[in-house]
Every structure is written in structure tokens, then in C-alpha cells.
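Student: Could we go through this model together, taking the overall dimensions before the contact between the chains?

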Amino acid sequence: MSQLSRYLPPFSSDYSGICSSLFDLDGMVVIHDAHCCSMNYVNMDEPRWYGNKKPIFSSGLREIDAIMGDDDKLIRKIIKAYHELNPEFIAILGSPVPTIVGADMEGIAQELENELEIPVFGFSSTGLRYYNRGISDTMIKLIKRYAREGSKVDKNVNILGLNALDFSDNSNADDIREVLKSAGWKVSCSFMMGCSIPEIVNSPRAAVNVVVSQSGMDLAEYMEKTWGIPYVAFTPMGLNDNKKIFSMIEEACKEGKSRVIRSDDLYDGEILIIGEQLIANSIREVLASQYGVKGVTVGCLFGKDKRLATDFDIDFKSELQIARKLKENKYSIVIGDPLLKALVDKSQAKLFALPHVAVSSKLYWHQYPTFVGDEMENFIGEVSQTLKNILI
Amino acid sequence: MKKIAIYGKGGIGKSTTTSNISAALSEKGYKVMQIGCDPKSDSTKTLMHGRKIPTVLDQMKEKGENIELEDLVFEASNGVLCVEAGGPTPGIGCAGRGIITAFEKLEDLGAYEKFKPDIVFYDVLGDVVCGGFAMPIRGGYADKVFIVTSGEMMAMYAASNIVSAINNFGKRGYAKYGGLILNSRNVENEVGLVSKLAEETNGSIISILPRDGIVQQAEDQNRTVIESFPKADMANCYRELAEQVINRL
């Protein structure tokens, strides 16, 4: 019962992360489900769905198919759809029912690839993991399939972990690319918003990878190990702090050494940021470096990534755990999705609402903040000012 | 590292045979891991000298995310690394899904990378009844599948079904059919019957194990024949079988 949520909805799951990652590419995506998971994705998780035509299908899995394990039926359906749509590649995704009955998604993909002679990706997504795992798996599968080593191109970066579930479909993706360009960096490949397969092919030629969400970390490590590309983990945030990222990229490039941007002397203090680890880290960094506010803890909603977290960051595994933590009344300010309000209101803390698609879906995605620029700078400034007022 | 799945009808002697092959290979200096894939979790009993080791699924239930490889992998006195996947309470739950979960956990924890076995045996319950029990045949798992059978009709029927499953997965480039292990039950014309089965399944009998009471005696001592009666003819039969298995990898 400790996993029961009274106020928070289920967060976006791995298959939504995969679909969202593949959204910009000319592939055909099939979720092996009974329409429910695909409906979740298109209705709830993908801000770009409305007004777009993307071939994302449900296999229409029924009880008898699950019992009989009729892979051939699924394969026949996909082959038929392929001949009508001629996609560049096909992705087939697992969901909870195929997971329980042990459907062999990789094997089905291999059969289809043998038959159709185009790339077919099988994802053993379960619907039981968070979206960031799906995004991470997708990027790694794509890079292993398509990327080709080439000579390094100076002043070129890849962006890793850009996705609509963390950044929505406002100007965030463009802003992040723009802020890098303004500092003289050319973006080779923007994994996975606004990217193409030719860009993925050439991505190993970049000098540095900029990781903007925790879903990009595994790919960053893979590219570092495979092609020696160092990474810098930081989400461009606000106005002034981005200068730091430019110098870090320069240093990473020069020294060939990866960096996670994080101030020293942080401590478990007055502010709790509940959300995605790297975005929360970056807000914390602006608070620390611009405003001298170092008592900031990150409460990770989608898994605590040891590569990014401080020792005192919290891995929230349930709503109950969040409620209990807040009831300790340790924190004066909480930054997080508006749906956390019901929990925060039971404590003495004040909530600064920061919508997150993977949490509240379409409820607030039109009020999504722009991370680069005035809006976030002012938001963080207001948090800092409020804290000062509280502490006086 | 080579991975081998041993299938066959329930009660045909898979665990006894697999444990003796593991013991024989360990004796020759191979680092062997034996993974029991049966909710009864008794595959490694003789290797562990009667000690019932905790299963992967039980440990996952008990320890949650704090589980470590040391909770799952146990070294027998002859050096064989023993694992039992485990399964649900009889009559409820889903044993097939249990196998998948146990396999995924071993992989997540990097069992193969840490222990670096030369040979891994998957000792799999009965027939390939569902996706879970087909897991050892799938990509990334067994390279070869050997089937234990006698000349009894139901054992051969099960063997034939298992070969069908292996062939079905052939399109996906998975494990190859390695052959039949004839565990004699002294059925009339047993070798002839099983030879015919081998022919029909495009396989061969890789070894014939005679029926010998010494196997039961060793089991009564909670030991493999290799350990209890190392000089017995039956021990040599198992050594020869182990050699044949290695030769076919």
C-alpha cells in the first residue's frame, strides 16, 4: 500500500519515452498493447501529438493473442502497414501485458528485419519503468545502429537527452540549441528533439556532448567510452549562468575530460526541488552561483542518478515518502510540478510551481516555463528573494 | 563463455544429468555456473550437498533493491557456481514470468561479467510451455540446447516439442539444437526408438547414459556421482557426456 498515490498520477513510462524520442524521425512505431498504452502516449504524454500525423500504432493485443503468443499475427499486421507507409525504420515496443507473458520483442524485430530488410528495433519496454529509461534505451539503440566514426569537427557539440516529456514543445529545445550556437558552437545532433538519422550517423564527430537531462547520461558514457567524446552535464538555465557552461565545454574539449556542473559546499537546507535530476541540479546551480543559496536538495522523482546527485539528494519512490518528508517541515520552499500542491500544502513549505509533462501531462503543458532566458531567471530570483524574506 | 540449455520432460533426469556434467567439467578445470530454472528450485541440490540455496525470486522479494550477487550465487565445494531462479507459491503466480525476472536480475547485477564462467548451464523445467520457459533459448542466452530423453513415449513427445520451439526461434538466430542425451530407462529397443527421434528431428544422440543404481545412491548422499563415486563406470559416462557437450559447442 505504500506505493499507493492519492494525489499524484502515474508518471510517464518507458514506452512513452521511446515514442517521444522517435517522434521526429520517419519511422513507424508499434506499441504491442490493447490500445491503452498507445492511448496514454498520444492523449496524455506527447505535447506534439495534436496537429501532427505520426505513424504510431497499437497492435490491438487481445486476451487470446496474449494467451496463444501469436507473434505471427503481429508480424503480418506490421508487414501490411509497412507496405502501405514505407517508413525508414520500424520500432516495436513492449507494454505490461507482453512483459508478463514474456513476448520476445527483440526476436520479433529480428524476424521483421530479415523479412523487410530495413532496420527494425525491438524494445522490451514494460510500462513499469520511467520514461527516462525509454529515452535512454532509444538513443543507445539508434547510435549503435546508425553512428559512424569520423574525424572530429572542431566546435561541434551534440545535445543529449532533449525530449518533450522534460522540455515540452515550447521554445525550450530551440532555445538550448540557440544558446550553444550563440557561444560559437555548432550543434551536430540534438538527441532526440529536432534530429535526423544523418545527424545521428555523424554524431561521433562532435567534440563534446552536452547532457541536458538524466536520460542522456548513459548515451554520454557510451559515446565517451566508444569515441572518447567528453560530456558536460548541465541544462542551460536562466540568463547568466550559461556562461559557465560555455567555459566548461571549452575545458572539457581541451582536456578530454567529462564534467558534471555542480557547486561545492551544497547542503541539505531550506529548498527542495522535486523533479528530474539534471534539470533540478541546474536550477540548484543557478541558485548557488547567482544568489549564493546553497541549501538546496533535489528530490528525484524518476530515480536518483549517482553520477549526478549529491549524497543528500533524495530518491523518492512513492507519494507517501514525499508526504512524510514534507511533514518534517524541514523545507521552507518546494519547487515542483503543480500537482504536488496538495502534498506541499500539508506542510509549512511554499510551492513554486514548475510544470513537468512527465508528471502532470497536458494539465499544464501550455504553461511550461522556458528554461533559457528571463522567465527562468526571474523564477529563480523570486525563489531566492522569498527564501530571504522567510529567513529574515 | 558458452551457454547451454538442458531441456526435457519433467522427471527425466535433467538436474541429475546437468549437475553431473557441471561436476565433471569443474573437475577438468572449467569454471561452471549452473542455473536451475524450475520453481521447485532443486537443480543444484546435489552440487550443494543437500543445502537448499535461496532463490533469485525469493531474495528479490525479501531484499528488494538491496539485493546483491552474493545473495544469489553460491559456490559449491567443487567450485561450481550455483543459482536457483525459483518461482511462485505452487498454484498461484506465474512461473514463466518468474524465470524472465530472475534472468533479468542476474543480468542487471552483472553476474556473468563478475564471475566470468567458462560454461553456463540452464537446467530448465519440463517442456517449453510459454515465453518464460523459452527464455534460455532466446537471444543472448543459450548457444546450444541439449534435450534429455528416454525411449518412453511421453519423454520423446516432449523432446519433439522442444525441438519445434527451437526451430521456431531459428528465424531469429537463437540457440541451436545440440542433440539428444539418452537417459536410459531400459525400455525395449530404447536406442532404436531414440535414434529414430534423432533422425526425425535432424539431430543425433550425443551420449547414452545407462540405467545405474549408483545414481540413486549418490543422490541419497546428496552428492553427484562424480563426487560420491568418482571411479564408478557411471561417473565415466558423465565425464564422457561432458566431453561430448564441450565438443559440440
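Student: Before going on, how is the model numbered, and what pLDDT do local features need?
Tutor: Residues are numbered from 1 along each chain as its sequence is written, while chains are lettered from A and ligands numbered from 1 in the order in which they are written. This is a predicted model, in which totals for chains, interfaces and linings use all residues and side-chain atom pairs count only at pLDDT 80 or more, whereas local features need pLDDT of at least 70.

Student: How many helices and strands are there in chain B, and what is its radius of gyration?
Tutor: Helices (H or I, at least four residues) and strands (E, at least two) are DSSP runs, numbered from the N terminus. Chain B has nine helices and eight strands. The globule rule gives 18 Å for the 249 residues of chain B, so this chain is as compact as a globular protein of that length, with a radius of gyration of 17 Å.

Student: Which residues of helix 6 of chain A are buried?
Tutor: Helix 6 of chain A covers residues 105–116 and reaches 16 Å from its first C-alpha to its last, close to the 16 Å expected, where the expected span is 1.5 Å times one less than the number of residues. A residue is buried if 20 or more other C-beta atoms, placed from the backbone, lie within 10 Å of its own. In helix 6 of chain A the buried residues are M105(A), G107(A), I108(A), A109(A), E111(A) and L112(A).

Student: Which element of chain B do the buried residues of helix 6 of chain A pack against?
Tutor: Within chain A, their partners include helix 4 (71–85) and strand 3 (89–93). From chain B, the partner is helix 5 (153–170).

Student: Which helix gives the most to the side of chain A that touches chain B?
Tutor: Counting residues as in contact if their C-beta atoms, placed from the backbone, lie within 7 Å, the contact takes 11 residues from chain A and 14 residues from chain B. On the side of chain A, helix 5 and helix 6 each supply at least two residues. The most, five residues, come from helix 6 of chain A.

Methods
Buried ≥ 20, exposed ≤ 12 C-beta atoms within 10 Å, placed from the backbone. Contact = placed C-beta atoms within 7 Å. Rg over C-alpha atoms; globule rule 2.2 N^0.38 Å.
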